[in-house]
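Hello,

Here is the structure I promised to pass on to you. Please have a look at it first, and then read my notes below.

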Amino acid sequence: MIEHNVLNHTVFELPLQLDAAVRADLRELGERFRERELGVIPECGTRQTWVGSDRVPTNRLHLLRGFSCLTALFERVEVVVTTVAHGFVDGEDRSPHAHYLNHSWYSITPPGGFVRSHTHSNRNFVSGVYYPHAPADSGALIFQERDNRRVVQEEQELNISSDHLYLFPGSLAHRTSPNLGDGDKTAISFDYMLLRPDKDLPPGDLVARAWEDIEQQSSILELGLKTLSSEDENP
């Protein structure tokens, strides 16, 4: 694991070494979600980065059952986050705590596209992004230091690689440089929330509400987002 000192924050980088077939499935699944929301992508493409909507299921990929590629990814992510979690706890308070995965979503950046500056909220103690596919020259991850008026004071660039995971504080502003490569860049981002039993609890109905919205496992199938495994069995 590589630790980068970025604007006085620690950014962790780690190759996840997922199988090539799993990464290919992650890319294909992302493309299906994009087509579901935007319709068929025209041959000429679009220069706008597509980001999964803020509705279930596209903002809680980790809760989707039946997609082995997502399961493989988030199992590996959980191990890594658990290993480095203490590095993201602010201040001197290192009291016992736990964490839970709150949101996860796709983004696909076509040639010419980029992601604008944003943060993942101060409530997320660690955010991250995994790149199943990041072609050469497809854009760097750029972190920013802002003042109280949100004016950028300094930037630091971090080159990215396919199959690499990057973890950083959710409050750290970031963007990407334009994709100057020949193909789409696929990313899966996520936010973890901090939980201290003596201080706060996640919404008790968090998972229940998510699955209520999703009982779209049926409507997901109707929308053509069938599990890759079932398609392999029924060509």
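Is Asp163 buried or exposed? Asp163 is buried, with a relative accessible area of 9%; buried means under 20% relative accessible area, exposed over 50%, and partly exposed in between (1.4 Å probe, protein chains only).

Before going on, a word on the background. This is a predicted model, in which local features need pLDDT of at least 70 and side-chain atom pairs count only at pLDDT 80 or more, while totals for chains, interfaces and linings use all residues. Residues are numbered from 1 along each chain as its sequence is written, and side-chain values use heavy atoms, with hydrogens and water left out.

Salt bridges

Asp163 has a salt-bridge partner in Arg23, with the closest N and O atoms 3.9 Å apart (a salt bridge is a side-chain nitrogen of Lys or Arg within 4 Å of a carboxyl oxygen of Asp or Glu). Asp163 sits in the loop between β7 (152-158) and β8, and Arg23 in helix α1, so the pair ties together parts that are 140 residues apart in sequence. Helices (H or I, at least four residues) and strands (E, at least two) are DSSP runs, numbered from the N terminus. Arg23 is partly exposed, at 22%.

The structure holds five salt bridges. Another of them joins Arg34 to Asp184, at 3.1 Å between the closest N and O atoms. Arg34 belongs to helix α1 and Asp184 to the loop between β9 (173-176) and β10, so this pair ties together parts 150 residues apart in sequence. Arg34 counts as buried at 8% relative accessibility, while Asp184 is partly exposed at 23%.

The nonpolar core

The largest nonpolar core has 32 residues, and among those touching the most other members are Leu16, Leu70 and Tyr106. Such a core is a set of buried Ala, Val, Leu, Ile, Met, Phe, Trp, Tyr and Cys residues joined through side-chain atoms within 4.5 Å. Helix α2 gives the largest share of this core, eight residues. A second, separate core of 14 residues includes Val129 and Tyr166.

Aromatic pairs

Four aromatic pairs turn up in a search of the whole structure. Rings of Phe, Tyr and Trp (its six-membered ring) pair if their centres lie within 6.5 Å; planes under 30 degrees apart count as stacked, over 60 as edge-to-face and the rest as tilted. Phe33 and Tyr106 form a tilted pair, 6.0 Å centre to centre with 40° between the planes. Phe33 lies in helix α1 and Tyr106 in strand β4, 73 residues apart.

Enjoy exploring!
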